[in-house]
Amino acid sequence: ADNNGDNKRKAEGETPDAPEAKRQNSSPGLRIQKLDLVEDYVTIINPTAEGVKMEGYKLKSKVGDQAFEFPAETVLEGGACVTVWSGTKNESKGTGGSSLFWTKKYMWNDKGDTAVLVDADGNELGEVEEKGAPERKTVVIQELDLIGDFVTILNQGSADVPLKDWSLK
């Protein structure tokens with residue numbers, strides 16, 4: 001995975017709402033607070049009063065077996081959270097403060113995935129599993145060319161959409 005080394009490393013910020021998800025935490029320290037499969041981010045919180053140096057810590061996606069390694073300078077202060085973003089649409093969100101950018105690739109599977117936080121010794125500190133939303137069949141007009149007299153329609157889903165009885169008006 002690509003790491004963006006230009007981020008501010010000291011993560012501070014407000015605590016976002018907790019998700020409705022299957023959660024397991026084996027440590028009273030850092031934990032995954034939210035995994036958003038659609039917006040492609042994970043929020044990690046430090047509910048303790050002590051800052052945690054995150055050198056060697058990893059955030060893993062179980063479905064794709066990818067891992068983000070936190071930059072050595074990352075410190076998650078007590079009571080603060082950090083959000084790790086992925087995907088091209090989120091590149092500008094991971095620019096420092098309480099945000100880090102992982103990679104331009106979309107790392108979380110929209111159909112369901114599990115985020116795992118691992119410390120520098122390889123111990124799993126916790127995980128959050130999110131079930132994906134049922135797939136919607138989304139077909140849109142991608143291009144309308146009045147000069148060439150054609151229309152391009154795009155299926156944005158991964159399932160086939162039968163066009164029988166469809167018409168353009």
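G112 sits in strand β12; strands here are DSSP runs of type E with at least two residues, numbered from the N terminus, just as helices are H or I runs of at least four. What you're looking at is a predicted model, where local features need pLDDT of at least 70 and side-chain atom pairs count only at pLDDT 80 or more, while totals for chains, interfaces and linings use all residues. Residues are numbered from 1 along each chain as its sequence is written, and side-chain values use heavy atoms, with hydrogens and water left out.

- G112 counts as buried because its relative accessibility is 18%; buried means under 20% relative accessible area, exposed means over 50%, and partly exposed is in between (1.4 Å probe, protein chains only).
- Leaving aside residues up to four places away in sequence, G112 touches L37, V63, E130, K131 and G132, where contact means heavy atoms within 4.5 Å.
- K62 is 50 residues from G112 along the chain, and their C-alpha atoms are 9.9 Å apart.

**D119, a buried aspartate**
- You'll find D119 in the loop between β12 (112-118) and β13 (124-131).
- D119 is buried but has no salt bridge, and K60, its nearest side chain of opposite charge, is 9.8 Å away.
- A salt bridge needs a side-chain nitrogen of Lys or Arg within 4 Å of a carboxyl oxygen of Asp or Glu; for charge, Lys and Arg are positive, Asp and Glu are negative, and His and the chain ends aren't counted.
- A polar atom of the D119 side chain lies 2.8 Å from the backbone nitrogen of N123.
- Not counting residues up to four places away in sequence, D119 touches G56, Y57 and L125.

**Two aspartates with positive phi**
- D149, in the loop between β14 and β15, has a phi near 60 degrees, a positive value in a residue other than glycine.
- D149 is exposed, since its relative accessible area is 68%.
- D165 is in the segment after β15, and its phi is near 70 degrees, again positive in a residue other than glycine.
- D165 counts as exposed because its relative accessibility is 73%.

**The nonpolar patch**
- I141, L144, L146, V151, I153, L163, W166 and L168 form a nonpolar patch on the surface, with about 830 Å² of accessible area together.
- The elements giving two or more residues to this patch are β14 (139-145) and β15 (150-155).
- Patch residues have over 30% relative accessible area and no salt bridge; nonpolar side chains (Val, Leu, Ile, Met, Phe, Trp, Tyr) are joined within 5 Å, and like charges within 9 Å.
- Accessible areas come from the Shrake-Rupley method with a 1.4 Å probe, and for residues only the protein chains shown count as cover.
- L168 lies in the segment after β15 and counts as exposed because its relative accessibility is 57%.

Methods. Polar contact = N/O pair within 3.5 Å; in protein donor to acceptor, adjacent residues only side chain to side chain.
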